[in-house]
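Thanks for making time this morning.

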Amino acid sequence: MMQVLILFIQILVLFAIVMLHVAYATYFERKIIGHMQVRMGPMRVGYHGLLQPIADGIKSFFKEDIIPEQADKAAFRAAPIICLVAMMTSLAVLPFAKGWVLADINIGLLFIFAMSSLASYGVILAGWASNSKFTFLGGMRSMAQVISYEIAMGLSLVGVMMLSGTLNLTEIVEAQGTSFTGMYIFPQILAFFVFCIAMLAETNRVPFDLPEAETELVSGYCTEYSGMRYAIFFMAEYIGMMVMAAIGTICFLGGWNGPFVIPFFPPFWLILKIYVFMFFFIWIRATLPRYRYDQLMELGWKLLIPLALANIVLTGIIKAFTS
Amino acid sequence: MQIQYKPTRTLLQTILHVEILQGMALTLKRLFSKPITRQYPQEKPDVRLGFRGQHALVRDQASGGSKCVACMRCATVCPSRCIRIRYHEDEESGARVVDSYDIEALRCVYCGFCEEVCPVNALVMTEVFEYGAYDRQSIFFDQQRLLENWDRFTELKGGGMDNYVNPFWRPRGADEKTLTAAKRVKVPDDWTLEGQVVGKKFKTERSV
């Protein structure tokens, strides 16, 4: 009983912290993109717009919630929740530091893959349930994109699994050791490259934001959503970014290990690396234009998947000869 | 001339995504440059000489009213016909006396012809640009309002406007002889027909 209560409190704390991070990730993004475009970003709410995320949250919470007449009501309501729940569930297996993990399961990496695929169901359902051309196209694109890039992403992490010999995220970090050269980014540079691109596609970020594609599809799968439901999609997207950044950090950049140990707050290095990843996401968004749909498919199937496969073979050969 | 749409890349450049890296370097550089945003209500733009803002009738220090002589030039030249003047001739002297002077500023296109054509510098366009309102009546200026606009403008400039003359009230490039006395004000060199820097001249002078 006591254990359940403690776990429950831990979940609440993690939820609160992640939500706060999501809120300020939007601020971070708007500020950085603004400055990259020689603007200032939000400036009015609070000092340098620091209260902007809170104002946005309040606004979307009290906005009218519109459900189109022709929409499939049940699926329409369920879609954003599926998105958010799937994304938040994968937070449970992320190790923030040694022992700082809600569920230290042995199939951690696989679990995260499963959950991020499940989140795309939310997107597809949203597209279908809204009963509109734009959302439907957005949903279809999302489906095709996720199917293509899930493979590349999974294959790119196979190399990491082979080197560490486990799917448990804590053990993957420990297998990399505490030294700088132990990080898997060096032996798995090809996999890291594939992972970075697939990560952008998985989270529907620019330059692979075809499911949203404001210029063509209004707002893609969330065109018909408003108020809080729209905000939930947004949260799911940002949590997805964070989860992907955490996976990248854990699998390639040595997780919570850093040049020296920070007392009392062991997740410091992990969080710092996640921020660096988030900055990378935003930096890419400020720089690159959107891919065309066929270019996206070509990149995924003709380049990333063969590269990831080659990386597996290479890793296998090297591992067989060295051990 | 042959236009090369696709720049040639070596294999190494293709593999390393040199073009994407160049773009990312540019955005990163811009991240640390100073934003060009002007935080408007706090930071006002500096109004240049010759700015055509809110209309005003210059208050004559001698009479306390306007300098207008009801010559009707402004009403005639106005392309959007937003100026309406009524006058009568004085029985004794035969001078025109303005009965009403209205400007419907919502129809105005801010071309500035009226202030150029005015022989006595009575009608001017001030540097005031913040006079938005929620109803049409407040942007319809009668004589009283136009004089008040001038008072507000002098207050904004900090007084000392009794002999205020803006060289940009003078029609551009017009011959000195054709102008009335009030219009013969000194203009900056680049405001004259010969001195103005536009077109080809602008390009060459910029490049030097």
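Which backbone oxygen does the side chain of Gln145(A) reach? Bearing in mind that this is a predicted model, the answer is the backbone oxygen of Phe208(A), at 2.9 Å. Gln145(A) is found in helix α5 of chain A, which covers residues 133-164, and Gln145(A) is buried, its relative accessible area being 0%.

Let me turn to the charged pairs. As a general point, side chains of opposite charge can pair when their charged atoms come close. Over all chains, the structure holds eleven salt bridges, and I will go through three of them, beginning with the one in which the side chains of Arg205(A) and Glu29(A) meet at 2.8 Å, N to O. Arg205(A) lies in the loop between α7 and α8 of chain A, while Glu29(A) sits in helix α1, residues 2-36, and so this pair ties together parts that are 176 residues apart in sequence. Both Arg205(A) and Glu29(A) are buried, with Arg205(A) at a relative accessible area of 2%.

Arg205(A) also meets Glu237(A) in a salt bridge, here at 3.5 Å, N to O. Because Glu237(A) lies in helix α9 of chain A and Arg205(A) in the loop between α7 and α8, this second pair ties together parts that are 32 residues apart in sequence. Glu237(A) is buried too, with a relative accessible area of 13%.

In chain B, Lys44(B) forms a salt bridge with Glu130(B), and the closest N and O atoms are 3.6 Å apart. Lys44(B) lies in the loop between α2 and β1 and Glu130(B) in the loop between β4 and β5, so that parts 86 residues apart in sequence are tied together. Lys44(B) is partly exposed, with a relative accessible area of 46%, and Glu130(B) is likewise partly exposed, at 43%. Returning to chain A, salt bridges that share partners join Glu29(A), Arg205(A), Glu237(A) and Arg285(A) into one network.

Now to the rings. The structure holds 17 aromatic pairs over all chains, and one of them is Phe195(A) with Phe252(A), a tilted pair with 5.5 Å centre to centre and 45 degrees between the planes. Phe195(A) belongs to helix α7 (residues 189-202) and Phe252(A) to helix α9 (residues 227-252), and so the pair ties together parts of chain A that are 57 residues apart in sequence. Phe195(A) is buried, with a relative accessible area of 0%, and Phe252(A) is buried with a value of 0% as well. Elsewhere, ring pairs link Phe76(A), Tyr221(A), Tyr225(A) and Phe233(A) into a cluster.

Finally, what does the contact between the chains look like? It takes 17 residues from chain B and 16 residues from chain A. The area buried between chain B and chain A is about 1500 Å², and carbon and sulfur atoms give 70% of that area. On the side of chain B that touches chain A, there are eight nonpolar, seven polar and two charged residues. Between chain B and chain A the count of salt bridges is zero, whereas seven residue pairs are found in polar contact across the interface, both residues being at pLDDT 80 or more.

Conventions
Residues are numbered from 1 along each chain as its sequence is written. Chains are lettered from A and ligands numbered from 1 in the order in which they are written. Side-chain values use heavy atoms; hydrogens and water are left out. Helices (H or I, at least four residues) and strands (E, at least two) are DSSP runs, numbered from the N terminus. Buried means under 20% relative accessible area, exposed over 50%, partly exposed in between (1.4 Å probe, protein chains only). A polar contact is a pair of N or O atoms within 3.5 Å; within protein, one must be able to donate a hydrogen and the other to accept it, and residues adjacent in sequence count only if both atoms are side-chain atoms. Contact means heavy atoms within 4.5 Å. Buried area is the accessible area (1.4 Å probe) that two parts lose on being put together, summed over both. A salt bridge is a side-chain nitrogen of Lys or Arg within 4 Å of a carboxyl oxygen of Asp or Glu. Ala, Val, Leu, Ile, Met, Phe, Trp, Tyr, Cys and Pro count as nonpolar, Asp, Glu, Lys and Arg as charged, and the others, Gly among them, as polar. Rings of Phe, Tyr and Trp (its six-membered ring) pair if their centres lie within 6.5 Å; planes under 30 degrees apart count as stacked, over 60 as edge-to-face and the rest as tilted.
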